[in-house]
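Subject: A structure for you to explore

Hello,

Here is the structure I promised to pass on to you. Please open it and have a look around before you read my notes.

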Amino acid sequence: MIRFRASAIAAMAAVVAATIGAEGPAPPPEIQAVERGLRPPVLLKGDKTWTLEERMRLHRVPAVSIAVFGSGRILWAKTYGVADADTLARATEATLFQAASVSKPVSAAAILKKAEQGKLSLEKNVNDYLKTWKVPENDWTKGRPVTMAELLSHSAGVTVHGFPGYAAGRAVPTLVQVLDGASPANTAPIRVDSLPGKEFRYSGGGYTIAQQALTDIEGKPFPEILAETVLKPAGMNDSTYEQPLPPDRLKFASAGHDAQGRPIPGKRHTYPEMAAAGLWTTASDLARFALAMDRSLEGKPGGVLSKEMAVKMLTPGFGDYGLGFTVNKRGGALYFSHGGSNEGFRCLLVAHREKGYGAAIMTNGENGDKILTEVLRAIGAVYQWEGYPTGEIEPAKLDAAALAARAGRYQLSTDEILTLTPKGERMEARFSLLKGFELIPLSPDSFVRTDADVRYQFSKDSSGRDQVVISPEGAESRTGRRVAETVRVPADELESGKLDAAIAGYRRLREANPSDPSVAEGRLNELGYALLNQEEYKPAISIFQLNTELYPDSANTWDSLAEAHMKKGDRKQAIALYRKALETLARDKSPDSVKESVKASSTAKLKELGVDKP
């Protein structure tokens, strides 16, 4: 394994320590409280919080930039660490980070502004505005053309989830080449492969179509349009969508870093998919954008949109996604937010929908996402944000009888059982086939996980049967009812090594209800890979084989079975199965993006196995 030189690690740590107050005057108390108050999802009484320096060193994140805002202004902004782990150049408030997918809401605001100006309609066929390129018509679009609102809300049925960018020295495609998946583009063609307007499916490809449409409408480069429409009006003077950065901006740019804290090759990737991932910015400028959104919502001067359009942008459609932002509840409070993940960069922007406070946090490391939420929880605690824990939780002291009363097995689905076992003053919990975790009692009827903000509430159902309601923060609750120790689901048999009984159990579930999620193709595929990753070849192959029998027209099931045989070392069987996967594509009804992925995978694996002509 490649490792940092000890001197490099020490030097980087020294810079981080310096920026967190090891030298110079002490920062205000609230900043110190954030810097020293990073916390897990649940902070128990007596447990210590972490310092930002500790977490940056642990996760090898060279720089973190934070801007906290509220009451219509930036309350404070501070940047910690180094912009480049090679040069040890210190990161400052002027250091530019890649915003990654936080580019999307800023791009969406520009498009919504053009809709306000009457230059486009959110509800008309987007092909009416596309000149350089058109969304190819197919069976999905004939009766239901794609609209701009659907592109912005990820409900257009468009392929390509995200983009890896282009490393230094690599050819960078034009936007049309990206849209068509043509060389040198490194992603598949962006196409409609499900009914537009029917469901949420995250698609950076959709925002790339929107980028082309906006460029065609305005007849100007995308960075110029965004600067005029959103960046300058919002006061985001340090920000740009230029890709790659021009020399005058490049000198302020951070390098991206891998999970070991090393600069990625070439320092940073280029993203021609600017609307989806191309914004270079600072934490302070992202805070200014959120503040401009708040002014828009209030109908005050200095906003980027009208009040009506801002409300439309922040109204969830399918799921909790609006027109550019996720909008969800935390406790009883509404927040709008977006995260970002580019090669070597991770970031997060969060703001209260009604009260306008929030924070922007940017990092230049692959492990930055391990710090983002910890910092956010620290800020929420210090400023007593609605829905954020502000103090410690004191566990209840239950006797053995009280714990035993809650212990047992609770069935959540036809193939998922939660098993609870008393362990000292706490409860050990484990879902079928998964690693166990601890539950902390808050009362005889209420428990909480130590590693996630998930509550477990015990009660009786209408028939008097014991049940547990599992409520993750920001997600739907699930209910499990107590079952006897003798109740067995297929996962139990699989876990205990009774493979034949497990397979027979899954067959019975399928016969009883073909739509049972426990035997859905995707679920069985995930189960097979979980076993394969543990080198449990026999059960993995059995699960994959069952999937091919239940879903014989899915090329992906054959591709997965082939991979299991390949990893086991059975070359002959792997070749036959990869060929079977390619043969199945002709009758596969899966989305085009899935079929393209399977075709590429099977073809590549056959070449790896020495087969030039599949």
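Below are my notes on what was found in it.

**Before you start**

This is a predicted model, in which local features need a pLDDT of at least 70 and side-chain atom pairs count only at pLDDT 80 or more, while totals for chains, interfaces and linings use all residues. Residues are numbered from 1 along each chain as its sequence is written, and side-chain values use heavy atoms, leaving out hydrogens and water.

The pLDDT is the predictor's confidence in each residue, from 0 to 100. For this chain the average is 93, and 96% of the residues score at least 70. Residues 1-6 have a pLDDT below 50, and beyond near neighbours in sequence this stretch has 8 contacts (heavy atoms within 4.5 Å) in the model. Where pLDDT is low, the predicted coordinates should not be read in detail.

**The barrel**

Helices (H or I, at least four residues) and strands (E, at least two) are DSSP runs, numbered from the N terminus. Two strands pair if DSSP finds at least two bridges between them. Look for the closed barrel of 8 strands, which runs β10-β11-β12-β13-β14-β15-β16-β17 with antiparallel pairing. On average, neighbouring strands of this sheet are turned by 30° against each other, direction ignored; for such angles, axes are lines fitted to C-alpha atoms, for helices over the stretch in contact, and angles run from 0 to 180 degrees between N-to-C directions.

Which strand pairs with β10 (residues 408-413) over 3 bridges? That is β17, in the antiparallel sense, and there Arg481 is the bridge partner of Gln411.

Next, follow β12 (residues 426-431) into β13 (residues 437-443): these antiparallel strands are joined by 3 bridges, and Ala429 has Phe437 as its bridge partner. They form a hairpin with 5 residues between them, and Leu433 in the turn has a positive phi of about 70°.

**Aromatic pairs**

Rings of Phe, Tyr and Trp (its six-membered ring) pair if their centres lie within 6.5 Å; planes under 30 degrees apart count as stacked, over 60 as edge-to-face and the rest as tilted. The whole structure has 15 such pairs. One of them is Phe200 with Tyr321, whose centres are 5.7 Å apart and whose planes lie at 40°, so the pair is tilted. Phe200 is in the loop between α6 (175-180) and α7 (204-218) and Tyr321 in the loop between α12 (307-313) and β6 (326-330), so the pair ties together parts 121 residues apart in sequence.

Is Tyr321 buried or exposed? Tyr321 is buried, with a relative accessible area of 2%, while Phe200 is partly exposed at 35%. Buried means under 20% relative accessible area, exposed over 50%, and partly exposed in between (1.4 Å probe, protein chains only).

Happy exploring!
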